[in-house]
Amino acid sequence: MTTVEITRFRVPAERADALLAARPAMLRDFQTDRAGFLDARLIRLADDEWLDIVFWGSSEDFAESRRRGGDRPGIQAFFALIDSVISTEEGTTTDAVGA
């Protein structure tokens, strides 16, 4: 099973391009510094809302990442562009990532 982090957040339209530009550095930080990080997908919704779906090897990997927060420059830059977090949820899937 794979742990799935689902975060819904708001970014003003005038910062959307900056958010997309900051995404690759954030993902590099996750790939090189977060145990259990598998993949992530960013989805643009209506009304300045976004959905970030992150796949983790385990619930413990996700919990450790949350504990560490924005402790890397790329992650900090991405998080700084977020106006507000609407919700964060955790779930599991039996489908293999990339299958």
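Asp47 is exposed, with a relative accessible area of 65%; exposed stands for over 50% relative accessible area, buried for under 20% and partly exposed for values in between (1.4 Å probe, protein chains only). Asp47 has a positive phi of about 60° although it is not a glycine, and it is found in the loop between S2 and S3. Asp48, in the loop between S2 and S3, has a positive phi near 65° and is likewise a residue other than glycine. At 36% relative accessibility, Asp48 counts as partly exposed. Helices (H or I, at least four residues) and strands (E, at least two) are DSSP runs, numbered from the N terminus.

The model is predicted: local features need pLDDT of at least 70, side-chain atom pairs count only at pLDDT 80 or more, and totals for chains, interfaces and linings use all residues. Residues are numbered from 1 along each chain as its sequence is written, and side-chain values use heavy atoms, with hydrogens and water left out.

**Salt bridges**

The structure holds eleven salt bridges, a salt bridge being a side-chain nitrogen of Lys or Arg within 4 Å of a carboxyl oxygen of Asp or Glu. Three of them are tabulated here.

| Pair | N to O distance |
|---|---|
| Asp83 and Arg15 | 3.6 Å |
| Asp33 and Arg68 | 2.2 Å |
| Glu64 and Arg67 | 2.6 Å |

Asp33 and Arg68 link distant parts of the chain, helix H1 and helix H2, and are 35 residues apart. Asp33 is partly exposed at 23% relative accessible area, and Arg68 is partly exposed at 24%. Both belong to a network of salt bridges that also links Arg34, Asp71 and Arg72. Glu64 and Arg67, being three residues apart in helix H2, are separated by about one helical turn. Glu64 is partly exposed at 35% relative accessibility, whereas Arg67 is exposed at 60%.

**Helix H3**

In H3, Gly74, Ile75 and Phe78 are buried. They lie on the same side of H3 because they cover an arc of only 100° around the axis, the arc being that of the directions from the helix axis to the C-beta atoms. On the other side of H3, Pro73 and Ala80 are exposed. The buried residues of H3 pack against S1, H1, strand S2 (37-44) and S3, where contact means heavy atoms within 4.5 Å.
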